[in-house]
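My notes are below the view.

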Amino acid sequence: MSVNSYKNNPLSWQPDKTLLKSPIYKSLVDLLQEDILSNQLIQDTKLPSQRELADFLDLNFTTVGQAYQYAIKKGLLYTNVGSGTYVSPNAYHSATISTHNVEKNIIDFGLVSSFEECNSLVVPFIQSVTTSPDLIKLLDYQNPMGSNFQIETASKWLETQGVIPYKNQVAIVSGVQNGLAITLSAMFAPGDRIAVDRYTYSNFIELAHLYHLEIVPIDFDDDGMSPAALKSECLKKKIKGIFIMPSCNNPIGFQISEERRHELAKIIKEMGLIVIEDDIHSFMTTYFQDKVLPPFQQLLPNQTIYLAGMTKYISSGLRIAYLVYPQNFKSAIEKALFNINVKTSGLDAEIITQVIQSPTATKILETKFDKLKEANQLFDNIFKNLKPKRPTNNYPFYRIIRLKDQLIHEKQDTIENHLLKQGVRVFHSDRFSTQTQPDPFIRISLTSNTIERLDKGLKIIKKENNKYNQ
């Protein structure tokens, strides 16, 4: 029985013990989620300490601790070392980004596509493959990781990105998201911790929660993730892996500099971390830069799982990505790949292979670069009064607008829904973090609309933004 009275000094959360059922820790998290979704607990509310809540509920201290850890993995809570446990902003919604339920008249700056009008360049290859006498061979269960020709083509292309594609260590998967799911299921167990940039790919956050992994945000600067901050967190916590997007961080848009890559690689090697390298934008950076920066797969080949997606490069409708893994991970990765996929579409893989083998691949690159350059220039011109700073990746797929002082404390849903009513969909920075951050912004995708619709949508945002300048 509790020895303390909380009548005069009530706890911030007082769940009803009579509603708890076995297993207690999961039942306690269910009550927590209900109170969050009913707004009885608002974001950033500091919860009672584990000992206080255990005393209040007359439970074992370890049971409450287990519940808090489970809630952190589900994305309901976050911790500040030395400060306490808080309700996460992401507890109110799914941060997964898609076009589901987006009306056609809405100008969508949320989903990051890749100039879909370029898909017409791929159509002849679809027609060619589907009329080929070898089509029937692409429709069975053979070659679950890709045919020899498809893997050889992938390996040659990966080499142009600075990757070392060792023989029998390349697989074709159904897009980067699918590759991430395979990697997490193969290499991590519930409760494991993964370091990420303080703002990172929201769908990765959701995948980590799905697999009951804990996200550890690491601060960054213009050159990328802070090596000192990474080492500090590794020394404080048992971190097993690290997720990075070196060519173009989503949502900030920075590219990790070569010097920073070597600095991070040194710490990653020292700490023995498994690297998940999502290099989905490398195709563009290697095109417009004079020098190919070394991927982490080249710097740490025995620790890195590398993913290069073809959706942004060739076509978002053809769900193909290349997954490169070290020999020591081979058994676990291939087992997970077979269990999750059985097989990636041989038809999609063959179409992508034929495109990469042709001069059309270069034409797609040239076309998309011209459009990306024009889109970034348009953004700079429309928001020139804000003096927008280009990220270290000079031609990112997305840009951000910092929220003005009057809006910093506004909830994510309030800002997103307001702009949605004006005809544009954007995403608030809360979607890209497990914690409330001091520098909120909205992220704008530059590549999911024609230049005309981009111009129209950006001007709507500018008009709304100017209201707070008056």
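These entries take the sheet and its helices, then the aromatic rings.

Entry 1: I note at the outset that the model is predicted. I looked up an open sheet of 3 strands and read its order as E13-E16-E15, with antiparallel pairing. Strands E13 (398-402) and E15 (427-428) are at the edges; each has a single partner strand, so one side of each has no neighbour in the sheet.

**Entry 2: the E15 pairing.** I then checked how E15 is held to strand E16 (residues 441-445), and found 2 bridges between these antiparallel strands. Across from His 428 I found Ile 442 in E16.

**Entry 3: helices on the sheet.** Helix H14 (residues 360-382) packs on the sheet and touches E13 and E16. I noted about 15 degrees between the direction of H14 and that of E13. Helix H16 (residues 451-466) also lies across E13 and E16, and I noted that H16 runs at about 165 degrees to E16.

**Entry 4: aromatic pairs.** How many aromatic pairs does the structure hold? I have 15 aromatic pairs on record for it. I looked at Tyr 25 and Tyr 70, an edge-to-face pair with 5.6 Å centre to centre and 75 degrees between the planes. Tyr 25 belongs to helix H1 (residues 24-37) and Tyr 70 to helix H3 (residues 61-73), so I logged the pair as a link between distant parts of the chain, 45 residues apart. Tyr 70 counts as buried, at 16% relative accessibility.

**Entry 5: Phe 283 and Phe 397.** I went on to another edge-to-face pair, Phe 283 and Phe 397, with 6.3 Å centre to centre and 80 degrees between the planes. Phe 283 is in helix H10 (residues 282-288) and Phe 397 is in the loop between H14 and E13, so the pair ties together parts that are 114 residues apart in sequence.

**Entry 6: the cluster.** Which residues form one aromatic cluster with Phe 283 and Phe 397? I listed Trp 157, Tyr 313 and Tyr 322 alongside these two.

**Entry 7: a charge over a ring.** Last, I looked up Arg 51 and Phe 61. The charged end of Arg 51 sits over the ring of Phe 61, and I noted 4.3 Å from the centre of that ring.

Notes
Residues numbered from 1 in each chain as written. Predicted model: local features only at pLDDT ≥ 70, side-chain atom pairs only at ≥ 80, totals over all residues. Heavy atoms only, no water. Pairing = 2+ DSSP bridges. Helix = DSSP H or I, 4+ residues; strand = E, 2+ residues; numbered from the N terminus. Contact = heavy atoms within 4.5 Å. Axes fitted to C-alpha atoms, helices over the stretch in contact; angles between N-to-C directions. Phe/Tyr/Trp six-rings, centres within 6.5 Å; stacked < 30°, edge-to-face > 60°. Buried < 20%, exposed > 50% of the residue type's maximum accessible area, 1.4 Å probe, protein only. Lys NZ or Arg CZ within 6 Å of the ring centre and 35° of its normal.
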